Amino acid sequence: MGAQWGDEGKGKIIDYLAPSFDVIARANGGANAGHTIVVSGEKRVFHLVPAASLHEGKPVILGAGMVIHLPTLAEEIMTLRGAGIDIVPRLFISRAAHIVFEYHKAIDAVLEERRREAKGEGIGTTRRGIGPAYTDKAARFGIRMEMLKDTQALKNELTAHVMHVQAMYGVEVDVNAELEAIKEATGLVSERVTDAVKVLHDHLHEGRRILIEGAQGSLLDIDHGTYPHVTSSATTVAGALHALGLPPRALSSSIGVAKAYCTRVGGGPFPTEAEAGAADRLRQRGGEYGATTGRPRRCGWLSLPDLRRVGALNGFTCWNITKLDVLDQEKMIPVSIEERSGKAEYKELPGWEHSTHGVTEFKKLPKQARDYIAFIEQETGIPVSLIGTGQEREAMVIRG
Ligand code: IMP
C-alpha cells in the first residue's frame, strides 16, 4: 500500500512478491493510477491492470471498489496480447465495480474549472473521471460492470441519466457515442464479469495466497487524507479489504511503501515540499514525472509525522522504503520530525554522499544511510524490511 501521496514505486515490490502469491487483486481506484511496466523490452504505462498481471497463470481480480474506464482496459488487454500475454481467461472483474464513461471525464474537467473559478485553484485531478464516477456510485445511479451483460438495460440507464448530467454540469451525453466507446471492451470482458467476492473467498478457502496491490496512497484517502485534495476512494489497507469483500482477519501482513523522500502531484498541502533547487535535484534524480499525466511531481522531504499516522492507520507489518539512491548526493537530508499548524520542523540528518545504487545487503550501505533507515524505524516503530536502491528489479535490500 502506498504510504504517501501515491507514486511510491509500488510496482517493484509487487514484482518481487508476485511469484510467491497465487492470486493478484486490485481493490479500488481507476485509470488515475499509473505504473510503468516493461513489456517485451518496451516501457508501457498501465492504469487499470495490476502490475503483477504479467506474472503468467495467476488469476487477476478487479474488485468492487474500482471504477473502470473500459476503453483503457481494452487497450491494456490488447497491449499485453501484443506481447503474447492474454490475461482475459484469468481476469475476474467484480460485477459491482463501476463504469467510468466519457461524460465522467467531461464532468471532472468542468468541476476542476469551477473550483478554479471559485477558489483560485482546483484539486489537480488526473481528469480521468474518478470523482464523478464515485459521485454517481454514492448517489446510487452509477452503472456497474454487471450491466455489460445487458446492453439494452445499460442504454436505458444511460439515457435516463442524460438529463441529470446536462442539468447539473452542462455536459452533453451522447449515449450512442458512449456505447460505441465501450463496444470493444464489452466484447473482450463481459464474460469475465463475475461475483469477485466469491472468487476470492474460494481461493482463500483453498489456502491460496492473495496479493493485494494498493493504488494511490494513504494521504489521498477520501476519509483520512488531506481532504479535499484527495482521491475519491479509500486507499488504506482496510479500504482495500472492504473494496474486495475480504474480512480483516484474512490479512496476514501489509507492507507500507514510502519513498525515502516525498512527492505529490496535484494541489494541496505539502509541508515538507523542498525549495526549488532541492526539489529540482530530487525530481531529476528520481525521474519524478507523473506516469498518468506526465506532470512534474512536487518534491520534498520525508515526513515522519505522516509516516507515523499512516503506519497507525494501516497497521503496517513493515516498510518498504524506495528510491534511497535518489538521496545519494545530498550533503544533509532534512526529515520532518514534527508538524505544527501545517509547518514542518526538521532534523537534518547527515547524507552519505556515496552511491548506494544496486546495493543488496544492508551492511553494505554507507553508515549514514543505515542510520537514516534506523531513524525511520525508531520514529515510526515499524521495521524497514525492504529498501529500494535503483530502478532495476534486483536493486533492493531485503532484510530477514
Ligand atoms: P483523482 O483521483 O484523479 O480525482 O485526483 C485527485 C488527486 O489524487 C489529485 O491530486 C491527483 O494528482 C491524485 N492522484 C490520483 N491518483 C494518483 C496516483 O496514482 N498517483 C499520484 N497521485 C494521484
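A contact here means that heavy atoms lie within 4.5 Å. In this predicted model, Ser-254 has such contacts with Val-237, Asn-314, Gly-315, Phe-316, Thr-317 and Cys-318, leaving aside residues up to four places away in sequence. The protein itself contains 12 helices and 16 strands, and its radius of gyration is 21 Å, close to the 21 Å that the globule rule gives for 400 residues, so the protein is as compact as a globular protein of that length.

**Overall dimensions and packing**
- The C-alpha trace of the protein spans about 65 × 55 × 40 Å along its principal axes.
- Of the 400 residues in the protein, 54% are buried.
- Among contacts with a separation of 6 or more, 73% are between residues 24 or more positions apart.

**Surface and charge**
- The protein has an accessible surface of about 17,300 Å², and carbon and sulfur atoms account for 51% of that area.
- There are 48 positive and 50 negative side chains in the protein.
- The centres of the positive and negative sets lie 3 Å apart.

**The site of Ser-254**
- Ser-254 is located in the loop that runs between helix H9 (237-244) and strand S9 (255-259).
- The relative accessible area of Ser-254 is 5%; because buried means under 20%, Ser-254 is classed as buried.
- One of the residues that Ser-254 touches is Val-237, and helix H9 covers 237-244.

Technical notes: Residues numbered from 1 in each chain as written. Predicted model: local features only at pLDDT ≥ 70, side-chain atom pairs only at ≥ 80, totals over all residues. Heavy atoms only, no water. Helix = DSSP H or I, 4+ residues; strand = E, 2+ residues; numbered from the N terminus. Rg over C-alpha atoms; globule rule 2.2 N^0.38 Å. Buried < 20%, exposed > 50% of the residue type's maximum accessible area, 1.4 Å probe, protein only. Areas by Shrake-Rupley, 256 points an atom, 1.4 Å probe, with all protein chains shown as cover. Lys, Arg positive; Asp, Glu negative; His and termini not counted. Charge placed at Lys NZ, Arg CZ, Asp CG, Glu CD.
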